[in-house]
Amino acid sequence: MADLATATRKSALTARGGFSEVVLTPAPAASRLSLRAGADALPGLSASLGVTLPTRPKTSASNGKRHALWLGPDEWLVIDESEADLMAAATTSGTLHSAVDVSHRNVAVVVSGPGAEVAINSGCPQDLSLAIFPVGACSRTIFGKVEIVLLRLAEDTFRVECWRSFSPYVFGMLSEGAADAGH
């Protein structure tokens, strides 16, 4: 008789957050600014925010715990992991811009380990190989049914930003992807 494959039943919350190939860590609280501005405002905003706003697609810039992620020709997500008041900083730029504090809208999960790419690619169709998505690369993309902002922090570490209301879904999908990365 032929060997029959059987599914192994596991608890819905089994092994969430840590696997042999991937570690999922909820990122600490951070302040976040959704920023829109024209090219003429970039020098003033960069000086006020303490980080140079990148001008090329799929790039980011960092200064300590502050990151500026290029999302579009006139759009950035600025993240400060020390929870500094980014709105106050942007206000001092003396430039015409639009800034919205989205600190409480977003949360982040840090995905790290040798299987991090595989875990994220379980729900994201983007090529995350180092040659195409190097350290410092960022993009707004999809993960399953959810929009995310993805930042590569190191060769095997990513920051996945998503809306707070979608975070259980994103964390659950990442957990499934992390489990698959070990196979």
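The model is a predicted one. The chain contains four helices and 10 strands, and 48% of its 183 residues count as buried.

**The chain as a whole**

- Read from the N terminus, the elements follow the order β-β-α-β-β-β-α-β-β-α-β-β-β-α.
- Among contacts in the chain with a separation of 6 or more, 61% are between residues 24 or more positions apart.
- The accessible surface of the chain is about 9,500 Å², and carbon and sulfur atoms account for 57% of that surface.

- Five strands form an open sheet in the order 3-4-5-2-6, and their pairing is antiparallel.
- Strand 3 and strand 6 (97-101) are the edge strands, each pairing on one side only.
- From one strand to the next, the twist averages 20 degrees.

**Strand 4 and its two partners**

- Strand 4 (residues 66-72) is largely enclosed by the rest of the structure, because seven of its seven residues are buried. Buried here means under 20% relative accessible area.
- In a regular strand, side chains alternate between the two faces of the sheet.
- Strand 3 (residues 60-63) pairs with strand 4 in the antiparallel sense over four bridges.
- Within this pairing, H67 in strand 4 is the bridge partner of S62, and R66 in strand 4 stands opposite N63.
- Two residues separate strand 3 from strand 4 in a hairpin, and G64 in the turn has a positive phi of about 65 degrees.
- Strand 5 (residues 75-80) runs antiparallel to strand 4 and is joined to it by six bridges.
- One of the paired positions here is A68, whose bridge partner in strand 5 is V78.
- Strand 4 and strand 5 also form a hairpin, again with two residues between them.

**Helix 1 against the sheet**

- Helix 1 (residues 42-49) lies across strand 2 (31-37), strand 4, strand 5 and strand 6. The helix runs at about 165 degrees to strand 2.
- Six of the eight residues of helix 1 are buried, and the helix is mostly covered.
- These buried residues are L42, G44, L45, S46, S48 and L49.
- Their cover includes strand 2, strand 4, strand 5, helix 2 (86-91) and strand 6.

**The nonpolar cores**

- The largest nonpolar core has 24 residues, and those with the most contacts inside it are L24, V111, I120, L150 and L174.
- Two or more residues of this core come from each of strand 7 (106-112), helix 3 (116-121), strand 9 (146-154), strand 10 (157-163) and helix 4 (167-181).
- Helix 4 gives the largest share of this core, five residues.
- Apart from its neighbours within four places in sequence, I120 is in contact with V111, L128, F143, L150, F158, V160 and L174.
- A second, separate core has 18 residues, including L42, A68, W70 and A99.
- Of these, L42 is also one of the buried residues of helix 1, and A68 is the residue bridged to V78 in strand 5.

Conventions
Residues numbered from 1 in each chain as written. Predicted model: local features only at pLDDT ≥ 70, side-chain atom pairs only at ≥ 80, totals over all residues. Heavy atoms only, no water. Buried < 20%, exposed > 50% of the residue type's maximum accessible area, 1.4 Å probe, protein only. Pairing = 2+ DSSP bridges. Axes fitted to C-alpha atoms, helices over the stretch in contact; angles between N-to-C directions. Contact = heavy atoms within 4.5 Å. Core = buried A, V, L, I, M, F, W, Y, C linked by side-chain atoms within 4.5 Å. Areas by Shrake-Rupley, 256 points an atom, 1.4 Å probe, with all protein chains shown as cover.
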